[in-house]
Amino acid sequence: MRTRSTWGRSDALIHARLYDGATGHPHEVTVAFGPSSIRLTQADGWSEEVDSTALRPVDGGRSDVRLGRRDRPGWRLILPPDAAPNVRELLGREERYGRWIDRIGLVPALVAGGVLTASVVAIGYAAPHWIAPHVPMSWERNVGSAIVGDFGDLRCRDAKGQQALEAVVERVSPGATRGPDGIKVAALDVPMFNAAALPGGYIVVFKPAIVGTDPDALAGILAHEVAHVRRRHVAEALLREFGIGALIRLMAGNIGANAEQLLALSYTRQNEAQADADAIRMLRQAHISPRPTAALFRRLAKEQEQHLSMSAEFLESHPLSGGRAQRFAASFDPTAHYQPTLTRDQWDALFDICSKRPRRP
Amino acid sequence: MDALTSAAAAEEGRGIEFTGNWREYLPIAITNALLIICTLGVYRFWAAARQRRYLWSRTHFIDDSLEWTGTGKEMFLGFLIVMCFLIPFFLFFQFLFPALIARGKGEAAFGVIFLFEIAFIYLGGFARFRALRYRLSRTYWHGIRGGSDDPGWNYGGEYLGRIALSLMTMFIAWPWAATRLWNARWKAMSFGPLHFRARLESEGLWRRWLLLYLAPVGFVVAAMSAGIMAAGAAKTGSPPSAGLMAIIFALAAVFYIALPLLTLNWYAKYFRHAADATTLGDLEFSFDATTLQWLGLFLGNLALAVVTLGFGLTYWGYRNWSFMVRHLRVHGVIDVSQLTQSTTHAPREAEGFADAFDVGAI
C-alpha cells in the first residue's frame with residue numbers, strides 16, 4: 001500500500017495557489033501528495049481530492065511548478081519550485097518536443113525524420129518519371145485543350161503557312177500529326193524566340209523562331225519538341241509541377257510574365273539530353289542536315305554571352321549545355337545525301353505565316 | 001501567501017516583464033531548428049507551440065505569468081483545413097488564367113486576376129483577425145483566457161473596404177484606414193468578462209505618414225533634376241563633375257536608407273499611439289519603443305541571422321516578443337475576483353489562415 005518513501009515527502013503539506021478556472025481569484029490551499037492523487041485543503045475546511053489521471057503538468061516559469069486539469073480548462077495549481085520532485089513522481093515528465101517524439105526520443109526522431117525527408121524529396125523528384133508514361137494520353141489531351149484552347153488572336157492562321165509548318169513536323173516524324181493523339185503544331189505571334197511542347201501534344205513556335213531561322217534549323221527545333229511529346233516529358237513535367245510547386249505561381253500578374261507561364265513547364269537535364277538525341281536521330285532518318293541546327297545553337301550561345309534579349313526565353317527553357325551544338329554538328333555525315341526540309345514555296349508560305357494574320361471579329 | 005489579494009494592482013514598475021534569457025531558450029531554439037529541417041517543415045507548428053509556451057511562461061503580467069495552451073497539433077490541423085480550402089482555389093486560377101491567355105482573352109484574364117486579388121485581400125484581413133482571436137483564446141492568466149465571439153467575416157469585409165477606400169486616395173488616407181481597422185479588431189476581443197476598447201485616432205500620425213509618403217516623390221524630383229543637370233553637363237561637353245556624382249550617390253543612399261527609416265519612424269509612432277488608445281477594463285497600456293530602438297531590433301535580427309549563417313532566424317520570434325514586452329507598460333487595477341472565465345467560443349481551427357497568408361497577429 002503506502003510505501004514509506006512515498007509518504008515521506010508528501011507528509012509535509014505544501015502551500016500552493018489555486019485558480020479554479022471560474023474566476024481569476026487565487027485561493028490559498030495546502031497540497032498533500034498521495035501515490036495516485038493529490039488532496040487540496042483550504043483553511044475554511046474545504047477539501048478536494050484530485051486523481052492523478054485528471055492532472056497534467058503545465059509549463060510554468062522558473063519560479064513555480066504548475067498543474068492543470070484535463071477536465072477543467074483554466075484550473076491551475078501553482079506550487080513552489082521545491083514541489084517539482086513530487087510532481088514528477090506523480091505524473092512523470094511533462095511533454096517536451098511533442099508526444100510522438102518524446103516517445104521515441106529526440107535523436108531517433110531526428111534520424112527517422114531525416115531519412116523520411118530525404119526519401120520524400122527523392123520520390124517527389126523521381127516518381128513523375130516513372131508515372132508519366134502510364135498517364136493515358138487522353139487525360140493529358142484534356143488538360144492541354146483546357147489550358148490551350150485555340151490560342152485565340154495569338155495564333156497565326158495562314159492556311160498555306162500552317163500546311164508548311166505541319167510539313168516540317170511530318171518530315172522529321174512521318175505520321176506524327178495524324179490520328180487522335182496527333183501532334184498539333186501552331187505558330188504564335190509572340191515576340192520572343194521560343195518553341196515549346198505543351199500538354200496534350202501541342203507544339204507552339206513563336207514567330208521569331210520561324211523568321212529568324214531556316215527550314216533545316218526549324219526542323220531541328222521541332223524534332224526536339226516532338227521528342228518531348230513522344231517521350232511523355234510533358235506529362236512528367238506536369239506531374240512534377242503539381243507535385244511540388246503549384247501554390248507559388250500566379251501571385252504576380254503582368255501579361256508578359258504570365259504568357260511565359262505557358263512555357264513554365266521545365267524539363268530535367270536528362271529529358272533535354274534525351275530529346276536532343278531523339279532529334280538527331282529523326283534528322284538523320286529524314287535526311288536533313290543537322291548543321292543548321294548546330295549553327296543555330298552556336299549563334300544562340302553567342303547571343304547569350306552578349307545578353308541579347310531576343311533568345312533569353314529560349315535559353316531559359318532550353319539550357320545550352322556546352323556540348324549541345326557540338327552533338328548536332330558531330331552527327332553530320334559527309335557521305336549522306338541531305339535534302340532540304342521544305343521547298344522554296346513552302347518556306348515562303350511558312351515565313352509569312354504571321355504576317356497576314358486575319359483579325360477575328 | 002500574500003498573493004491572495006482580491007485586486008491585483010499594477011503598482012510601480014511596468015506591470016509586464018519579460019524574465020526569459022537567451023541561454024535558457026537555446027535548447028528550444030536548437031531542437032526546434034533541427035526538427036523542422038528533419039520533417040520537411042511539418043514540425044514548425046509544434047516548434048511554434050514550444051516557443052510560445054516558453055515566451056508566455058516567461059512573461060510576468062502584474063502578479064502572475066502568462067500561459068500558452070495552444071498545441072502544435074491544433075495549429076497543424078488548422079493549416080490542413082485551410083489548405084483544403086485554398087488548394088482548389090489556387091488550382092482553379094492556375095488553370096483558368098493560362099487558359100484565358102491562350103485563347104487571347106487578355107481582358108477576361110485581368111478580370112479574373114482582379115477577383116483573385118479581392119479574395120486575397122479579404123482573406124488576408126480575415127486571417128489577421130482570426131490569428132488575434134486564436135492567440136487570445138489560448139492565452140491564460142490567473143486561469144482565465146481571452147477570446148472573441150466575432151467570427152471575423154465582417155472584419156474581412158471592413159478590411160477590404162477600407163483598403164479600397166484608401167487605394168482611391170492613392171494611400172494618402174492609409175493612417176485613417178489603419179487606425180479604424182486597429183479599433184475594429186481590438187473592440188471585438190475580450191479577456192474573461194472584460195472587453196478590449198480601442199479609440200485610436202489618426203490625429204498625430206499624419207506628419208510621419210506624409211513624410212514617408214512624400215519621400216519617394218521627393219526622390220523622383222531630385223533624381224530628375226540631377227538627370228537634367230547631367231544632361232546639361234553632357235551638352236557642354238564637360239565630363240560630369242565629381243559634385244554631380246556625389247549627388248547621384250547620395251540620392252541612392254537616401255532611397256535605400258531613408259525609406260526604411262521613415263517606415264520605422266511611422267510604425268514606431270503608430271504603435272505608441274495604438275497602445276495608448278487601447279484598454280482592457282480599467283487597465284491601460286502604453287508602448288515606448290522609439291524609431292531607433294525598432295531599428296536596433298531589425299538590424300540586430302539581421303546581424304544575428306548573418307553572423308550565425310541563418311541559425312539566428314530561430315531567435316527572431318524570441319527577440320521580437322521580448323522587444324514588445326520590454327517596451328510595453330500596463331497601468332491601472334484589475335479586480336481578479338470579478339475576472340470570470342471567458343464565455344467566448346474557443347476556435348478550433350487555430351491560425352491556419354494567418355499562417356497561409358503570412359500575417360502577424362498584432
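What share of the contacts in chain A with a separation of 6 or more comes from residues 24 or more positions apart? The share is 62%. Two residues are in contact if their C-beta atoms, placed from the backbone, lie within 7 Å. The structure is a predicted model, in which local features need pLDDT of at least 70 and side-chain atom pairs count only at pLDDT 80 or more, while totals for chains, interfaces and linings use all residues. Residues are numbered from 1 along each chain as its sequence is written, and chains are lettered from A and ligands numbered from 1 in the order in which they are written.

The model scores ipTM 0.80 and pTM 0.74. The average pLDDT (the predictor's confidence in each residue, from 0 to 100) is 84 for chain B. In that chain, 89% of the residues score at least 70. Residues 1-10 of chain B fall below 50, and this stretch has 25 contacts in the model beyond near neighbours in sequence. Residues 358-362 of chain B also have a pLDDT below 50, with 9 such contacts. Where pLDDT is low, the predicted coordinates should not be read in detail.

Chain A has 15 helices and 10 strands. Chain B has 11 helices and 12 strands. Both kinds of element are DSSP runs, numbered from the N terminus: helices are H or I with at least four residues, strands E with at least two. A residue is buried if 20 or more other C-beta atoms, placed from the backbone, lie within 10 Å of its own; it is exposed at 12 or fewer, and partly exposed in between. Buried residues form 39% of the 361 residues in chain A and 36% of the 362 in chain B. In chain B, 71% of the contacts between residues at least 6 apart in sequence join residues at least 24 apart.

Among the buried residues of α1(B) are B:Tyr25, B:Ala29, B:Asn32 and B:Leu35. Just after this helix, B:Leu40 takes a positive phi of about 55°.

The two chains meet through 44 residues of chain B and 45 of chain A. On the chain B side, α1, α2 (44-57), α3 (72-102), α4 (106-137) and β7 (144-147) each give two or more residues. Helix α3(B) gives the most, with 11. This side divides into 22 nonpolar, 16 polar and 6 charged residues. Ala, Val, Leu, Ile, Met, Phe, Trp, Tyr, Cys and Pro count as nonpolar, Asp, Glu, Lys and Arg as charged, and the others, Gly among them, as polar.
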